[in-house]
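I open this notebook to record what I looked up in the model. The entries follow the order of my checks.

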Amino acid sequence: MKPITRNNTFIVLLLGLLIVFSFASLFLGRYYVEPEHVLKLLWSGLLGSPLDSVDKTVVLDIRLPRLFIVILVGAGLSVSGAAFQGCFHNPLVSPDVLGVSAGAGFGAALGILWTNGVTGVTAAMAFAFGLLSVVVSLLLSRLKNESSILALFLSGIIVSAVFNALISLVKFVADTDSQLPAITFWLMGSFSNTTFEDLGKIIVPILVGIGVLIAVRWRINVLTLGDEEAKTLGINPGKTRMIIIAAATIITASSVVVAGIVGWVGLIIPNLCRMIVGSDHKYLMPASCLCGAVFLLTVDFIARVLTPSEIPIGILTAIIGAPFFALVYKKTEGC
Amino acid sequence: MKPITRNNTFIVLLLGLLIVFSFASLFLGRYYVEPEHVLKLLWSGLLGSPLDSVDKTVVLDIRLPRLFIVILVGAGLSVSGAAFQGCFHNPLVSPDVLGVSAGAGFGAALGILWTNGVTGVTAAMAFAFGLLSVVVSLLLSRLKNESSILALFLSGIIVSAVFNALISLVKFVADTDSQLPAITFWLMGSFSNTTFEDLGKIIVPILVGIGVLIAVRWRINVLTLGDEEAKTLGINPGKTRMIIIAAATIITASSVVVAGIVGWVGLIIPNLCRMIVGSDHKYLMPASCLCGAVFLLTVDFIARVLTPSEIPIGILTAIIGAPFFALVYKKTEGC
Amino acid sequence: MQLAVIKGSYGYHPENKVLSQISFELAQGRIMTILGQNGIGKTTLLKCMMGLLKWQEGETRVDGQVFTSMLDRDGIGYVPQAHKTVFAFSVFDMVTMGRSRHVSIFGMPSKLDREKVLEALSIVGIIDFKDQLCSQLSGGQLQLVYIARALANEPKILIMDEPESHLDFKNQFLVLKLIQRLKDEQGISCIINTHYPEHALRISDDTLLLGKGQYGFGPSHEMITEANIKDYFEVNAKIYTIPGLSNQKKAFTVVD
Amino acid sequence: MQLAVIKGSYGYHPENKVLSQISFELAQGRIMTILGQNGIGKTTLLKCMMGLLKWQEGETRVDGQVFTSMLDRDGIGYVPQAHKTVFAFSVFDMVTMGRSRHVSIFGMPSKLDREKVLEALSIVGIIDFKDQLCSQLSGGQLQLVYIARALANEPKILIMDEPESHLDFKNQFLVLKLIQRLKDEQGISCIINTHYPEHALRISDDTLLLGKGQYGFGPSHEMITEANIKDYFEVNAKIYTIPGLSNQKKAFTVVD
Amino acid sequence: GETKKDETGEASKSERTITDLAGKTVTLPAVAEIKNVVIIAPPLLSTYVSNGLSTDNIVGVSAIALTEMNKVLLDYFVPNNKEINTTFVSSAYESNAEELLKLDPDIILVYGDTQKKGLETIQVPVVDFFIKNQVNEDWSVQIDQLMREIFGLEDDNSLQQEWDIANKKVDTILAEVGSIKKQKGLMIMSNTGDKITVRGAGTYGDDWLVKSGLVNAAAELSGENIEVTMEQLLAWNPDIVYVFRGLPAAQYLSGSIAGQDWSQIQAFKDGKIYNTPVGIMNWGTPCADSPLMIQWLVSKNFPEKLSDNEYQTILKEFYERRYEIKLSDEMIQSILIPGSGK
Ligand SMILES: Nc1ncnc2c1ncn2[C@@H]1O[C@H](COP(=O)(O)OP(=O)(O)OP(=O)(O)O)[C@@H](O)[C@H]1O
Ligand SMILES: Nc1ncnc2c1ncn2[C@@H]1O[C@H](COP(=O)(O)OP(=O)(O)OP(=O)(O)O)[C@@H](O)[C@H]1O
Ligand SMILES: [Mg+2]
Ligand SMILES: [Mg+2]
């Protein structure tokens, strides 16, 4: 099969899976709702006049917003990861390399400490500190005249380390009864109890972010050649990178705000896709986007349905993702 | 100044600082012991017949073992970091890139869950799982015929992610009253309440590890040329790397066993030293070793003296190390 | 397009200027070669000219206007020395990147871009392996890909750093003919770093000789003389006409 | 030391053999050049010979014994194509690495090692910049460093992949003379990939011509003929004696 | 272990050995010589206080032990609560040995190995109150007994007596109720606003629910702190909900927790969502007040069998009997509806 045909097939396959899984996750869950009732509810929900009932609460208020949020976060994180890996010339980079997760985590921890619980303040602070940490990383990397990628990484590591330390500090002063568990669980990440209100908060930034990153995919190919070569081709690598960083940061910060720190997806899914579609971002970006959504949807489905207790999503992504990744990794040649 | 002279001066300076700081940290602490009494106690301790008193407990049973452990851990972690950065051709690698910290953390968490406290079992399990995780990473990277460094990194990331997920899982099922805080704070790292018994557990593995890594320093230079070139020079890069991995893993696992996860040191100190002495491991390895010890000693001193209930060392290393690193980073040219 | 360097100076360390007060001017549609010993500053000169390094004194002018960066002005194509990339692209994709200027930041290469790429590939003669991966090419093949990439953007001036260095003599011959053809047919100027005085004699109009603390610029046949070679390279050389050929081709050799 | 390749075959993809059934033998103290088009498999051949790639069929023999890896047997030195390293070493340190075989895993280079390094540096003529950093050398200078590094280990056979490619003609001249001298004075054999038939004619005893699905091995003056060049490179070439020189030096040129 | 040699060298005569709940033999100084007590495990402070021991001897406690107590009653229980050092121990219950030595303790009371860490080096007896049976009655009684043994309380005014009284009352009521279909109860471990965790089977929380005549709706889970979703809660649909930690019951009932719609759940419809009371400490875990907890639960589960007024009488009598405190209405309010006062 020719690579291009194969890549297109793969992307169509992912799209199909995404649709099937989306419906499946509306129909299935711990609370049994009859399938035809689900359809009826979805229909009446569209018309805007669903009857108030437990079934309605379950399908339209619990499952539906969660479905959208999971798709947005999965797609957003892995497309951000793919973009970062491309524009920093390093397949081991994840979307929080510049410290956004650590910063957002600190913001949230501080919010929890301050307001004594997970409130709107927590979300706002998580988002604000997520952005702040990236800005600090960028400024720090400018300390030196030549602002290389290595400088950016080092700055990101410093900022992450500091914010992680500050998270620990907050945990340290938090009371162990309620605040410490709240912080710990928040950081583990979860989609449980996400609402349409949460969806409203993130849908615009994440969709815009994904749009920007996918649009810029060809330019990312040019960036992989290295800064000097990009410049000789008439491309300003710094400017392009800044746009990518902005988009990816907004996506990651938004995800962290509603779902806590969902690790692993942004790192592994792009690598997995690269093994299948190759390193051309023309295919890699949309493939990562869809694959991330499908992956997170699957994992979340398992989290919701497998046991009565909700296992934090961060745990499952790693435990499910790892062997899967190892398998695909073994099967493919090159890297 | 000629580079060689400068490098030697730097190393001698570090040695001097190490000695001064070591004495300082025996004399100072939250519990006041008169300086001449400290000297008397040290002297009688050497002769093996100290008087039984609170002062003796403080100086000989609390401060002295802690001093040695801090030095060993600081030196061990940063020399491991330097060795890994060299043999993996990547300055952003830290000693736990193959998963040893995550593995050890999981072992410890499991131990705490199991025995309901931080016991000998915890230490043994931390050590065992630390080694296990590295072995798993190595085996995983062999899944493919060509076992490249990238494969090794990816394996390490997978294994780390899985063990971190498992840590979260343990935290998740741990009871929030005692086990969760115990695990959380264990992972933050601390030298408080380390004993001669702890020292006994780690002194041999860490000293041997440091010895091996420093001895192999010239060979690491050859490895930085890349595997193919090393082979044409008659060096088996795989074998050398295995020795380095073994030594660094034993050091890191031992450190984790007594002090929890002390991040940052193994990543930053070698980079900091590289800025000063250059990338020749002939100087870089001993300089990292001493610099790591001095750094951790300073940080630990602050941890001990600053507040009544100690701030975990992991927090302080980052908060103190970061601006310091940023400063040195700005001052030096190249990278 | 006319290009001039006016009193350009550059040094990696303040005390030690690699280039000092270099001036020359290249008219439209001329080929210029730069000759000099290893480490004398040829690559540095090209980088300064293109704005990849910043002149510490002096400036580059293009059509009389100060030129500081390839980001600001189109028309100059650069062919780097062949090297491997981290990510593997097909030859076609790699050459398409030469069209970067014509693709907006959020855009994709258009049909026109792809046509220009095919054109460039066939000019260089590597259209046959357009679907192969760059990571699996030999050094020589890769060099041809980079030339095609620069051509895809239809430059007025082509800057090349040792374009023949990894090529076999057949490919060298093709590249030189190509450069000649580009000049003759499209009026493209070329600035070429080279270690082959022969090639310089054969195709270039002007030559810049770089030496330690000195340089010379002028018509190639006046610059590349046995005396100058002795002066700039400290070797004895012989420049002669190849016997038995109709076209009076010059050749060059080092003698003991 | 005598080296032979017996029916060696290698391909990166199963369907597509780059090298098939290559055999040749190089006696002690002889210089051999390998000529062939870009991408024909010259570098691949060297790598297979040295055991960096594994022959899919056939084998390399050294002194009659099967040779599989440079880890197992001393005496062969390799000079890679010049490239940059991530970490910056001084020239002296880089050349010292050539002594790796003599330094135990937990050891440091001895005084003897350092003397050999200085010797190698002065043979190549780069002792003046032994304290400079490799990352700050030009491509040509770096190539000389790699040659010195191989020499530091006192090899019996030297394998070089396009050693002249980035050198200016003066340095090329020095390298070729060096290779000649190493052969004459120390009996060191050399296997050299090159794109210069002239150099092959000048210094090599034997030549391997690599072509698509064919190869030829024999004394250089028998192999490098106008007919063979036509056959292997599909270009017309002229091989002639340089006029006006006393030593009957041969030269090579491609003609239209 | 070796015997501690006091500096004076003569007190050793009056030393005694006890076996702590972890099964370890500990050598203690004579009762009269226990001047400085350090309590690291929070419930042990309530047990100490409940036995009428003088808080003047307490030189250090973990901060949580004080915050877990009823705020209105804190000054009654621990009059010197402001003077007691709480900084020597971190919120992870890890002590700073040098700080601890400054307090010059004669005995240290802990729960579990975590809290013991680092105390091996200093030569002060450490008593461990750790057992893991998750039965409220057992542990609350055993810590009470060990506490009394340590401080040489000979009379038989033990917590077991209170439990006997409470059990009798509870048994009578449960017998009256009979084996009709049991109500489903749920104990929330914590609700942070974005995550809800519940107490599954085999926990103190489960013990409370089952012993007070309910079935634990979360019985299919085991563990203290299991996260669940609203969908799962809807599937369980508990009749009664007890809130141990996190957001207070009032917020559930007023529907003011963003992202959690409790209105479809039976307990909400019946208004049966309660905070666990806070007396000498939070009643969600076993403590000196535990006999009161079981009766309170029964009064909430079966209000027709044990009315609020009746229960308040029981509460008042207990506090007067055990702690010699006459509870005012305000105090009762602060115990039974925590967070409402102040
Ligand atoms: N990044 C750098 N930092 C410091 N010095 C450098 C750097 N790059 C090159 N140099 C030095 O500047 C001088 C000129 O280097 P340049 O690469 O321009 O030479 P060149 O003429 O292109 O040589 P070659 O013919 O070998 O390619 C050399 O002496 C080299 O050592
Ligand atoms: N790693 C690889 N994977 C797949 N194919 C490869 C790889 N390396 C080289 N090739 C292919 O094998 C063939 C031989 O390559 P090789 O590098 O040996 O050529 P060469 O004769 O050294 O060329 P040059 O003269 O340009 O250096 C080429 O067609 C090249 O495309
Ligand atoms: Mg150059
Ligand atoms: Mg080659």
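**Entry 1. Relation of chains C and D.** I superposed the two copies by least squares on the C-alpha atoms of residues with pLDDT of at least 70 in both. Chain D can be laid on chain C with an RMSD of 0.0 Å, by a turn of 180° and a shift of 0.0 Å along the axis. I note that this is the relation of a two-fold axis. In chain D, the C-alpha nearest that axis belongs to D:Ser165, at 2.7 Å from it. For the record, two copies of a chain are related by a rotation about an axis and a shift along it.

**Entry 2. Conventions.** I worked on a predicted model, in which local features need pLDDT of at least 70 and side-chain atom pairs count only at pLDDT 80 or more, while totals for chains, interfaces and linings use all residues. Residues are numbered from 1 along each chain as its sequence is written, chains are lettered from A and ligands numbered from 1 in the order in which they are written, and side-chain values use heavy atoms, with hydrogens and water left out.

**Entry 3. The C–D interface.** Through which surface do the copies meet? I took contact to mean heavy atoms within 4.5 Å. Of the interface residues of chain D, 100% are also interface residues in chain C, so the copies meet through the same surface.

**Entry 4. Ligand 2.** I counted a residue as near the ligand if one of its heavy atoms lies within 4 Å of it. I found 19 residues around ligand 2, the closest being C:Gln136, D:Gly39, D:Lys42, D:Thr43 and D:Thr44. The site is shared between chains, because residues from chains C and D surround ligand 2.

I then listed polar contacts (pairs of N or O atoms within 3.5 Å; within protein, one must be able to donate a hydrogen and the other to accept it, and residues adjacent in sequence count only if both atoms are side-chain atoms). A polar backbone atom of D:Gly39 is 2.8 Å from an oxygen atom of ligand 2. For D:Ile40, a polar backbone atom is 3.3 Å from an oxygen atom of the ligand. D:Glu162 has a polar side-chain atom 3.3 Å from an oxygen atom of ligand 2. Taken alone, ligand 2 exposes 630 Å², of which the protein buries 83%. I note that accessible areas come from the Shrake-Rupley method with a 1.4 Å probe; for residues, only the protein chains shown count as cover.

I took helices (H or I, at least four residues) and strands (E, at least two) as DSSP runs, numbered from the N terminus. α4 (139-152) of chain C and α1 (42-50) of chain D each supply at least two residues of the shell around ligand 2. I sorted that shell into 4 nonpolar, 13 polar and 2 charged residues. Here Ala, Val, Leu, Ile, Met, Phe, Trp, Tyr, Cys and Pro count as nonpolar, Asp, Glu, Lys and Arg as charged, and the others, Gly among them, as polar.

**Entry 5. Ligand 1.** Where does ligand 1 lie? I find ligand 1 between chains C and D. It is surrounded by 19 residues, and the closest are C:Gly39, C:Lys42, C:Thr43, C:Thr44 and D:Gln136. An oxygen atom of ligand 1 is 2.8 Å from a polar backbone atom of C:Gly39. For C:Ile40, the distance from a polar backbone atom to an oxygen atom of ligand 1 is 3.3 Å. An N or O atom in the side chain of C:Thr44 is 2.5 Å from an oxygen atom of ligand 1. Ligand 1 taken alone exposes 640 Å², and the protein buries 83% of that. The elements that give two or more residues to this shell are α1 (42-50) of chain C together with α4 (139-152) of chain D. The shell around ligand 1 divides into 4 nonpolar, 13 polar and 2 charged residues.

**Entry 6. Chain C and its surroundings.** I counted 8 helices and 12 strands in chain C. I took the radius of gyration over C-alpha atoms, with the globule rule being 2.2 Å times the number of residues to the power 0.38. With 256 residues, a compact globule would have a radius of gyration near 18 Å, and the 19 Å of chain C agrees. Chain B and chain C do not touch, and their nearest C-alpha atoms are 12 Å apart. No contact joins chain C and chain E, whose closest C-alpha atoms lie 37 Å apart.

**Entry 7. Chains A and E.** I found 14 helices and 0 strands in chain A. Chain A has a radius of gyration of 20 Å, close to the 20 Å that the globule rule gives for 335 residues, so it is as compact as a globular protein of that length. Chain E has 14 helices and 12 strands.
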